[in-house]
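Welcome! Let us walk through this structure together, one part at a time.

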Amino acid sequence: MRYHRLGQLPRKRHTQFRENGRLFVEEVMGLEGFSGNESILYHLTSPCRIAEAGEFEPIQHREWVPDAHVHRHLITGGIAPEGDPITGRRCLMWNNDLEVSIVEPESESEAFYRNGEGDELIFVHEGSGELETIFGTVPYRQHDYIVVPRGTTYRFRFDGEEQLWLILHTPGEIESPNRYRNRYGQLLESAPFSHRDVHPPTELVTHRESTEAEVFVRVRGGLQHYRLDYHPLDVVGWDGYVYPYTFNIHDFEPRTGRIHLPPPVHQTFQGPNFVVCSFCPRELDYDPEAVPLPYHHSNLQSEEMIYYVSGDFGSRKGIEVGSITVHPSGLPHGPQPGLVEKALGARRTEELAVMWDTFNPMRLSEFARELDEPSYAYSWREGTPSPVAESTTG
Ligand SMILES: [Fe+2]
């Protein structure tokens with residue numbers, strides 16, 4: 001992340017900064033104490049001010065412990081819209097490093113939201129609109145990743161069409177992979193995306209009107225409800241390295257080799273004990289003898305989850321838009337019988353998918369049980385038609 005600024009700022013930090021004689025309230029929002037990245041914001045009103053502390057609602061995950069440890073296929077395509085961007089988060093799986101939810105909101109929320117205990121990575125499968133945030137307006141469109149650092153008060157405003165998002169929450173930080181950055185933090189010439197592909201807030205809107213507002217803050221595994229007697233988006237200026245941004249998956253430049261390259265070439269983000277990869281439409285491996293599908297692999301310490309976004313899954317019966325394959329740790333996985341022969345000579349794939357690999361096991365939710373398609377575990381049986389087949393991705 002690079003330095004960015006919007007709005008008015010005093011020449012020096014921690015100095016008097018006034019409007020019509022009134023001091024602005026300076027807030028340093030930083031990580032790792034005072035050692036990590038930070039931004040400095042100037043508010044009209046102290047961000048500590050609340051009119052009323054309302055109820056605290058624990059976020060309760062209902063776990064599904066399957067009877068058998070097998071590969072799984074979750075079909076999310078048919079879920080019905082529910083709730084709003086805050087209440088409509090339906091958790092699919094989680095561990096101590098990551099929580100993955102799907103959201104198909106019925107409506108916007110008038111209330112604001114702030115994640116006080118984690119960063120969020122929101123993949124926009126369907127929809128467009130704006131995030132109104134304390135750092136300014138973040139326009140988003142289909143197939144954007146929206147990265148929202150903890151501490152960012154925001155709310156969604158929709159463009160009106162259908163919205164469907166995958167949300168990853170981590171108590172760690174969502175970052176670009178270390179190996180893509182030089183020692184100063186700049187993305188390397190060899191990285192599969194550049195700083196130009198990263199889109200910070202475009203416009204700072206300072207709300208001065210007197211109003212009431214509701215804010216839900218995620219803390220301590222629940223949502224704390226506050227009522228405010230002012231508008232929380234009251235920032236007149238900010239600068240620093242911490243702010244929300246978008247990165248569109250189609251700006252990821254896929255890597256292709258003479259022979260098959262492993263999934264790390266698709267890595268887009270890193271977090272504590274997990275990675276996020278983007279499988280984008282691309283040319284396939286070009287050696288005449290190349291096998292353009294992944295080899296069977298036993299990545300024994302990783303769990304691999306792939307969410308299929310769009311593209312031609314024609315050679316993969318059963319995998320559809322919104323499918324999630326779950327390949328848990330400790331088991332080998334690879335293409336189903338017949339698929340390798342079928343793929344030989346293929347030069348291109350149009351598929352679009354998002355993968356999260358975790359180094360610690362994921363726990364599945366009761367909601368995931370409702371989406372589970374149990375025949376997937378048997379789709380590698382020789383001599384029987386494969387009900388489901390793997391993609392060219394992971
Ligand atoms: Fe894999």
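**A histidine and its surroundings**

The side chains of His225 and Glu214 are joined by a polar contact of 2.9 Å. A polar contact here is a pair of N or O atoms within 3.5 Å; within protein, one must be able to donate a hydrogen and the other to accept it, and residues adjacent in sequence count only if both atoms are side-chain atoms. Before going on, please note that this is a predicted model, in which local features need pLDDT of at least 70 and side-chain atom pairs count only at pLDDT 80 or more, while totals for chains, interfaces and linings use all residues. Residues are numbered from 1 along each chain as its sequence is written, and side-chain values use heavy atoms, with hydrogens and water left out.

You will find His225 in strand S20 (residues 222-228). Helices (H or I, at least four residues) and strands (E, at least two) are DSSP runs, numbered from the N terminus. His225 counts as buried because its relative accessibility is 17%; buried means under 20% relative accessible area, exposed over 50%, and partly exposed in between (1.4 Å probe, protein chains only). Leaving aside neighbours within four places in sequence, His225 has contacts that include Glu52, Gly54, Glu214 and Phe216, where contact means heavy atoms within 4.5 Å.

Now for the salt bridges, of which there are 19. A salt bridge is a side-chain nitrogen of Lys or Arg within 4 Å of a carboxyl oxygen of Asp or Glu. One of them links Glu117 with Arg218, with the closest N and O atoms 2.8 Å apart. Glu117 sits in the loop between strand S11 (112-115) and strand S12 (119-126), and Arg218 in strand S19 (residues 213-219), so this pair ties together parts that are 101 residues apart in sequence. Glu117 counts as partly exposed at 22% relative accessibility, whereas Arg218 is buried, with a relative accessible area of 8%.

Another salt bridge brings together the side chains of Arg155 and Glu132 (2.7 Å, N to O). Because Arg155 lies in strand S16 (residues 153-158) and Glu132 in strand S13 (residues 129-133), the pair ties together parts that are 23 residues apart in sequence. Both Arg155 and Glu132 are buried. Through salt bridges that share partners, Glu108, Glu110, Glu132, Arg155 and Arg157 form one network.

Next come the strands. Strands of a sheet pair through backbone hydrogen bonds, either parallel or antiparallel. Here, nine strands make an open sheet in the order S7-S30-S9-S10-S17-S12-S15-S22-S18, with antiparallel pairing; two strands pair if DSSP finds at least two bridges between them. Strand S7 (63-64) and strand S18 (198-199) are the edge strands, each pairing on one side only. S18 pairs with strand S22 (residues 245-248) in the antiparallel sense over two bridges, and Val198 has Phe247 in S22 as its bridge partner.

What about the nonpolar residues? A nonpolar core is a set of buried Ala, Val, Leu, Ile, Met, Phe, Trp, Tyr and Cys residues joined through side-chain atoms within 4.5 Å. The largest has 58 residues, and Leu92, Met93, Val100, Tyr145, Phe269 and Trp356 touch the most other members. A second, separate core of 18 residues includes Tyr113, Ile122, Val124 and Tyr154.

Finally, how many disulfides are there? A search of the whole structure finds zero, a disulfide being a pair of cysteine sulfur atoms within 2.5 Å. Among the cysteines, Cys48 is exposed, with a relative accessible area of 66%, whereas Cys91 is buried at 12%.
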